[in-house]
Amino acid sequence: MPTSRTVSTIAAQTEQGTHVVRILGYSQLRRMKEVINSDKFSVGGHEWFVKLVLDSCSTATAFSHPDCIIAVLLLKSHAQTKEVQASFDLNLLDLASGSSLSVHKVAPSFFHPGYGDTTVACCQIKNDLFETSSYLQDDCLTIEFSITVFKGPLSSETKSLPRIHVPPSDIAADFGNLMETMEGADVTFSVGGQEFTAHRIVLATRSPVFRAQLYGPIREAGTGTAPIVIEDVQADAFRALLRFVYTDSLPPSDDLQSDDYAEMIRHLLVAADRYAMERLKLMCQSILCKNLTVQDVPTTLALADQHNCDLLRDACVEFIGCLSATDAVAATQGYKDLKRTCPSIVTDFEEASKLRKT
């Protein structure tokens, strides 16, 4: 039975953006001890701005340090704004060469609108990082903020995993073709005046009786020119037996009338019992059980008793034991014949029937 295998991917949804702040006249602004703010910019559907303290000693904060710039990333406050999780990287840019210097990285943190609880986004830039390098050119300092906003999990569309279809087993078809052509057949049977060829190894594989007959110490002839003669098996039943040996299936019932097919199945059951092919024997019992009638149940019961088909025998007794069918079955010629040939079965049944009626 085919089963479906699907997959959906859940990943953190993020949005990135970059904002560049250029400070012209850096030295003059530093001497003025100004605190400067960038204009607002948007990343991840939220508005942000940057606060820069050029002379950190002029502001008493936990981050104050001589000769440092304090950079603070802030979330702009709106009435509907909620806390936002984000991280940012701070880089110094050399516009002439295109090179950059990573100064600070802030791990994912929760930003709150307004000025409260935003110190987690503070970082320091030591002046000697750029005052003695090319990152401060013509008294112009360029700082880049790369911001990543985390927007919660995102689930992808469910997709079916790729599958490679494997067709059903075709071994029965291959052996069926071998049965039709009989290429390499090395044994012949004579059954009811008809001859059948087959492959010894196939027969021996499927039946312990054929194995003993064809490979055992008392193996029969038939591997040369003389066929093996089989008595007490009908030709149609033996043909059906060979079909099952090669294909593990029975001939279709459409080729025969209902009564003729049931009769062939009875003979096939006898052949299956003779060659110890238990699955075939059970299949025959199942077919006969499903097609029991008042007229033929005595014959089927006798057949089941003769060939040790306990399941079929119990099914026949249960069928006859139905109060609506007991008298009708007893009136048939088959029941009278059964009473004569297998009196013990009839005696046991009649005693059980009397007990059910009392």
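The structure holds eleven salt bridges (a side-chain nitrogen of Lys or Arg within 4 Å of a carboxyl oxygen of Asp or Glu). Keep in mind that this is a predicted model: local features need pLDDT of at least 70, side-chain atom pairs count only at pLDDT 80 or more, and totals for chains, interfaces and linings use all residues. Residues are numbered from 1 along each chain as its sequence is written, and side-chain values use heavy atoms, with hydrogens and water left out.

- Side chains of opposite charge can pair when their charged atoms come close.
- Take E15 and K151, a salt bridge whose closest N and O atoms are 3.4 Å apart. E15 sits in strand β2 and K151 in strand β11 (residues 140–155), so this pair ties together parts that are 136 residues apart in sequence. (Strands here are DSSP runs of E with at least two residues, helices are runs of H or I with at least four, and both are numbered from the N terminus.)
- E15 is partly exposed at 35% relative accessibility, and K151 is partly exposed at 40%. (Buried means under 20% relative accessible area, exposed means over 50%, and partly exposed is in between, using a 1.4 Å probe and protein chains only.)
- R279 pairs with D248, and the closest N and O atoms there are 3.1 Å apart. R279 belongs to helix α7 (residues 278–290) while D248 is in the loop between α5 and α6 (258–274), so the bridge ties together parts 31 residues apart in sequence.
- D273 and K281 make another salt bridge, with 2.9 Å between the closest N and O atoms. D273 is partly exposed at 26% relative accessibility, whereas K281 is buried at 6%.

- Three strands form an open sheet in the order β14-β13-β15, with mixed pairing. (Two strands pair if DSSP finds at least two bridges between them.)
- The edge strands are β14 (194–198) and β15 (228–230), each of which pairs on one side only.
- From one strand to the next, the twist averages 30 degrees. (Axes are lines fitted to C-alpha atoms, for helices over the stretch in contact, and angles run from 0 to 180 degrees between N-to-C directions.)
- β13 (residues 187–191) and β14 pair in the antiparallel sense over five bridges.
- β13 and β15 run parallel and are joined by three bridges. In β15, I230 is the bridge partner of V191.
- How many of β13's residues are buried? Five of its five are, making the strand mostly covered.
- V187, F189 and V191 point one way from β13, T188 and S190 point the other way, and all are buried.
- Helix α5 (residues 235–247) lies across β13, β14 and β15, running at about 10 degrees to β14.

**The largest pocket**

- Rolling a probe the size of a water molecule over the atoms shows where empty space is left.
- About 450 Å³ of space lies in the largest pocket. (On a 1 Å grid over the protein atoms alone, a pocket is an open set of points where a 1.4 Å probe fits, with protein on both sides within 12 Å along at least five of seven lines; lining residues have an atom within 4 Å of a point.)
- Its lining counts 21 residues, of which D236, R239, A240, R243 and P251 lie nearest the centre.
- The elements giving two or more residues to that lining are α2 (171–181), β14, α5 and α6.

**Two more residues to look up**

- Q13 is in strand β2 (residues 10–24) and is partly exposed, with a relative accessible area of 28%.
- Q13 and F150 are 137 residues apart in sequence but 6.0 Å apart in space, C-alpha to C-alpha.
- N91 is in strand β7 (residues 84–93) and is buried, with a relative accessible area of 11%.
- Leaving aside neighbours within four places in sequence, N91 is in contact (heavy atoms within 4.5 Å) with L101, S102, V103, T142, I143, E144 and S146.

Definitions and conventions. Grid points are joined across faces, edges and corners, and a volume is the space filled by probe spheres set on the points.
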